[in-house]
Amino acid sequence: MSKTLFDKVWDSHVVRHVEDGPDVLLIDRHMVHEVTSPVAFLGIKNRGIGVMYPNKTFATADHNTPTINQHLPVQDPLSANQLAALEKNAKEHGISHWGLGHEKNGIVHVVGPEYGITQPGATIVCGDSHTSTHGAFGAIAFGIGTSEVEMVLATQCIMQPKPKKMRINVKGDLNFGVTPKDVALYIISRLTTSGATGYFVEYAGEVFENMTMEGRMTVCNLSIEMGARGGMIAPDEKTFEYIKGREHTPKGADWDKAMEYWKTLKTDPDATFDKEITFEASDIEPMITYGTNPGMGLGISKSIPTASEVQGGASTYAKSLNYMNFNEGDNMIGKPIDFVFIGSCTNGRIEDFRAFTNIVKGRKKADNVTAWLVPGSHKVEAAIKEEGLLDILTEAGFELREPGCSACLAMNDDKVPAGKYAVSTSNRNFEGRQGPGSRTLLASPLVAAAAAVTGKVTDPRELMK
Amino acid sequence: MAYDKFEILKSTAVPLPIENVDTDQIIPARFLKATERKGFGDNLFRDWRYNNDDSPKEDFVLNNPKYSGKILVGGKNFGSGSSREHAAWAVYDYGFRCVISSFFADIFKGNCLNIGVLPVQVSAGFADKIFAAIEADPNTEIEVNLPEQKVILPSGESESFDINGYKKGNMLNGFDDIDYLTSMKEEIKAFEAKSPL
């Protein structure tokens with residue numbers, strides 16, 4: 001029988017199908033961080049059981065870590081307590097732990113691929129909705145709740161009904177200045193934040209085939225923002241090239257054996273999806289969001305739609321624009337901004353910093369802008385220095401911080417103050433997401449860079465001529 | 001963590017007819033720093049419920065004495081965004097045992113089922129009827145009948161809802177998935193031994 005990529009990976013991990021219920025799914029790789037794991041560890045302790053396969057779980061600290069002075073004790077006692085709990089739990093159960101200050105430390109979805117933990121055909125979960133990032137490698141990867149973290153620790157399995165399948169095709173070539181982030185924000189704006197709920201997405205077509213692995217990670221990362229559990233892209237030569245030789249990838253004969261399997265991981269020509277959607281790459285321009293969910297995005301040259309032009313209720317729409325202090329019909333270009341954040345599991349990789357640096361090179365940070373440049377990991381931080389990007393950034397008036405989730409969810413001190421506008425390369429523009437009362441405009445690293453040097457929303461293509 | 005059994009819940013309800021309520025609103029990230037599961041109800045809808053000086057916002061429904069009960073009725077696409085189970089914990093800890101909406105985000109729905117909060121998805125039309133009934137009379141008692149899989153209004157109007165047999169059994173008996181999974185450990189071990197990764 002013909003199968004999709006998703007079917008092939010899912011079906012090969014079903015330990016048991018429960019009658020009139022979910023599948024029991026074996027998990028190959030489990031990543032944990034300090035925020036969603038402590039109650040799960042407490043749970044297995046209370047049940048008097050241990051971790052079934054400690055070598056399949058990897059721990060890193062990222063969500064509430066500071067991004068300056070990481071060599072000093074963490075000031076916030078609650079954050080320090082969570083970090084200490086992760087370290088203690090990892091040690092007690094024999095789980096590898098890349099805590100604050102460790103050379104491999106970084107955002108969970110950045111370090112997983114960097115060290116080859118992420119592999120094609122694997123099932124990967126983490127108590128974090130952006131686990132979908134790892135789907136870029138042809139893995140089934142999705143976010144889970146803390147009860148499920150406990151299940152994986154205790155039994156290496158979770159219980160999930162098999163989602164429906166959707167394929168999203170983007171055909172043709174991308175326009176100048178359009179990045180993977182724009183592709184994702186465009187798709188979400190067309191589908192809305194609930195348009196893919198209940199589905200697992202496969203991204204297909206020239207645009208994704210031509211995309212770098214880091215670009216694919218950005219796209220898969222944002223799958224959850226249209227409601228999908230996850231998104232995946234069939235592995236190809238680019239994928240194999242990326243993972244080869246990394247610490248946790250198979251070596252020698254094991255590599256050859258794995259490659260045999262990985263090369264089968266593509267959707268059969270006559271396999272069918274529950275839903276199939278096609279977009280044209282030529283319709284996409286650099287994107288920016290104007291509202292309080294990631295579906296409220298538009299091409300940067302466009303004006304904010306009226307309530308009658310959008311899906312959903314008028315009162316919810318009015319509440320959102322009121323929070324942003326924007327009006328229907330406003331142009332986005334020229335809107336003054338206060339903060340710029342580049343980083344997160346969405347856009348905190350080296351290619352993102354290269355793109356940002358390309359635009360700010362030879363220019364100066366605008367005086368009215370506070371900029372937070374936060375690499376996704378120590379590895380990214382080192383590359384920024386080695387490639388000479390840091391010198392260019394410093395010359396333009398920017399400082400580089402230390403790795404972590406930072407202002408993406410503002411659990412640490414990197415909080416955008418109430419009422420201020422931040423152009424952010426992260427993934428969510430929810431009310432208060434970047435600090436109580438903060439107002440977020442989601443965009444690509446290019447749009448963020450253009451805003452950082454002009455102090456307002458600016459079309460990056462104007463600065464790339 | 002096992003939870004109380006859920007069979008038939010008859011209660012007044014709290015209406016929140018806003019769409020796309022994300023889990024950052026249900027519990028903001030800065031309240032996720034606990035290492036134990038307690039006290040999350042105090043911060044349920046924190047930034048909609050309280051001003052910066054911690055005084056209650058009078059126009060928010062949880063601060064309106066007219067509305068109370070064990071059922072929360074939310075707008076379409078309830079619980080989107082972050083996978084934080086803390087959102088479901090906050091709903092439970094505040095005292096809700098059931099959330100009704102015309103559409104739920106996936107992870108939030110699963111988290112609720114795993115901790116003993118029943119997510120009930122009804123049609124948009126029936127959700128509107130529930131909102132109208134509560135608006136007309138905040139003391140309206142809604143019956144959520146799990147054995148029969150029905151939501152029943154005092155007018156006698158009702159609608160069926162879906163839940164798979166396995167999860168229904170868990171909710172009726174107060175069992176959780178770990179009880180199930182730990183009972184099949186040998187089967188998991190044998191399966192894992194054959195897995196390529």
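What distance separates the centres of domain 1 of chain A and domain 2 of chain A, taken over C-alpha atoms? In this predicted model, the two centres lie 24 Å apart. The domain assignment places residues 1-285 of chain A in domain 1 and residues 288-464 in domain 2.

The contact between these domains involves 37 residues from domain 1 of chain A and 42 residues from domain 2 of chain A. On the domain 1 side, helix 4 (108-114), helix 6 (180-191) and helix 8 (213-221) of chain A each give two or more residues. Helix 6 of chain A gives the most, with 5 residues.

Chain A also meets chain B: 62 residues of chain A are in contact with 52 residues of chain B. Among the elements of chain A that supply at least two residues to this side are strand 1 (14-17), strand 2 (23-26), helix 2 and helix 11 (314-324). The largest share, 7 residues, comes from helix 5 of chain A.

Helix 2 of chain A, one of the elements on the side that touches chain B, spans residues 38-47. Its buried residues are A:Pro38, A:Val39, A:Ala40, A:Phe41, A:Gly43 and A:Ile44. The buried residues of helix 2 of chain A pack against helix 3 (77-93) and helix 5 (146-155) of chain A. Just after helix 2 of chain A, A:Gly48 adopts a positive phi of about 70°.

Definitions and conventions. Residues numbered from 1 in each chain as written. Chains lettered and ligands numbered in written order. Predicted model: local features only at pLDDT ≥ 70, side-chain atom pairs only at ≥ 80, totals over all residues. Domains from an automatic or database assignment. Contact = placed C-beta atoms within 7 Å. Helix = DSSP H or I, 4+ residues; strand = E, 2+ residues; numbered from the N terminus. Buried ≥ 20, exposed ≤ 12 C-beta atoms within 10 Å, placed from the backbone.
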